[in-house]
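Biologist: I would like to learn how to read a few features of a structure. Please start with a helix.

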Amino acid sequence: MTKSPKKPDLSKMSDNFDKYNNSNITIAVDWFEFFGNTKCSVLLNNYKPDEKKEFQTIDYGYNLVVLNMGHGTPMYNVLYEIYVGGELFASLQTHPRFVKGDFKDNSISFKIANNQLYSDKWVDNMAEIMDLLKLKINNITRLDICIDGCNGVLKFLNSFVKQTPESKSYIKMGKATMSSCMFDSNTLSYSSFTFGKRTSDKYLIVYNKTKELERSNKKYIEKFWLKNGLMAEIVYRVEIRLTSKVLAQIQLTDISMLLDTTYLASLFRTASDNFFHFKKNTGDTNKSREQDVNLIPYELLCGELLAKSQRPKTTHRYKAKLTIRKCHFDLNVKENSIDSEIMLERVIQRNIDEFDLQKWYLASVPTWLKEYKVHKSTGHVYSTVNYE
């Protein structure tokens, strides 16, 4: 006769993570970057790769200055810094390297400076800049959302990793890899945890933000805490980093929604569902029926799960990559009429936009261009591009 498994004692860990629920917490955007295009003739004509050029600074008056830095980045030929009221507001990259046609001429990357995101004016300033420079967002390439003051999360995670297989009071849901970092030999505990990988479409980290601020000296974050009533001696941060692939599932139609703490909490909750997700273990064989562990006080932030749009099928993305690859080859190797070139460029752009492939595309082009050189000398193209 087999013995019934002993039920775990949940009381030992019950106070480790819920004490902070009555204290003040803050939620904010910590990174905002998008990929798009521009119709601004000044930006488009401010780069001539075959000539020695004098870089132009665009002065829209005291409030807005667009400064050409005189150099590019690994992915773009031209880098601008945008100043609002004398303060750095954002960086703007134009004229991608290795890309041919209208896609090259019009494409831009736009990233807002970190300190500006802790001001409630960043959305209005960005809208003004986008209007003046005729910028359009194709997709948000990276969005970080941080929740500060949830110090109980770290206590829970340290208790979680100290469990034994024989007596697990809590279980982790989802397939995200959980890693513990920075072990403190004095407290015999970890000061940081990560979920997922930095290179993944979704990544979450829990760490001591107060200690990090001692190194980075970001005084504006401390001011943001004080303004919002967070005055703890030590503040831990739970930060989730989302890329365009994840954000494409959640239709963010209005950027101003990112100033709404309720919407931010809902977005955080939706993205972390079944990723940064734990349940109490009462022995039920159906783990989905177990009770959720509320590590983030969504009831205080009024965060609700958002509806997700249906993901494009993997086979469709694969076919889109094949189409882009073929069109790019025809553009660069074959002789085409002007109308044919325009048509090929539009097919490339449409598939990139529909299946969120701009990152893959820009990373693949340098390899393709090398292959075209082989083709011209041998008549063969050996593609090493990853279509997964």
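Modeller: In helix H5, residues 209-216, the buried residues are Lys209, Thr210, Glu212 and Leu213. Their directions, seen down the axis of H5, fall within an arc of 160°, so these buried residues line one face of the helix. Keep in mind that this is a predicted model.

Biologist: Which residues of H5 are exposed on the other side?

Modeller: Glu214 and Arg215 are exposed there.

Biologist: Where are His95 and Lys134 found?

Modeller: His95 is in strand S5, which covers residues 87-96. Lys134 is in the loop between helix H3 (122-132) and strand S7 (135-148).

Biologist: Is His95 buried or exposed?

Modeller: Buried means under 20% relative accessible area. His95 has a relative accessible area of 5%, so it counts as buried.

Biologist: Now charge. Which residues gather in a patch of negative charge on the surface?

Modeller: Asp120, Asp124, Glu128 and Asp131 form that surface patch of negative charge. One of them, Asp131, lies in helix H3.

Biologist: Is Asp131 buried or exposed?

Modeller: The cut-off for exposed is over 50% relative accessible area. Asp131 is at 61%, and is therefore exposed.

Technical notes:
Residues numbered from 1 in each chain as written. Predicted model: local features only at pLDDT ≥ 70, side-chain atom pairs only at ≥ 80, totals over all residues. Heavy atoms only, no water. Helix = DSSP H or I, 4+ residues; strand = E, 2+ residues; numbered from the N terminus. Buried < 20%, exposed > 50% of the residue type's maximum accessible area, 1.4 Å probe, protein only. Patch = residues over 30% accessible without salt bridge, like charges linked within 9 Å, V, L, I, M, F, W, Y side chains within 5 Å. Areas by Shrake-Rupley, 256 points an atom, 1.4 Å probe, with all protein chains shown as cover. Salt bridge = Lys/Arg side-chain N within 4 Å of Asp/Glu carboxyl O. Lys, Arg positive; Asp, Glu negative; His and termini not counted. Charge placed at Lys NZ, Arg CZ, Asp CG, Glu CD. Arc of directions from axis to C-beta.
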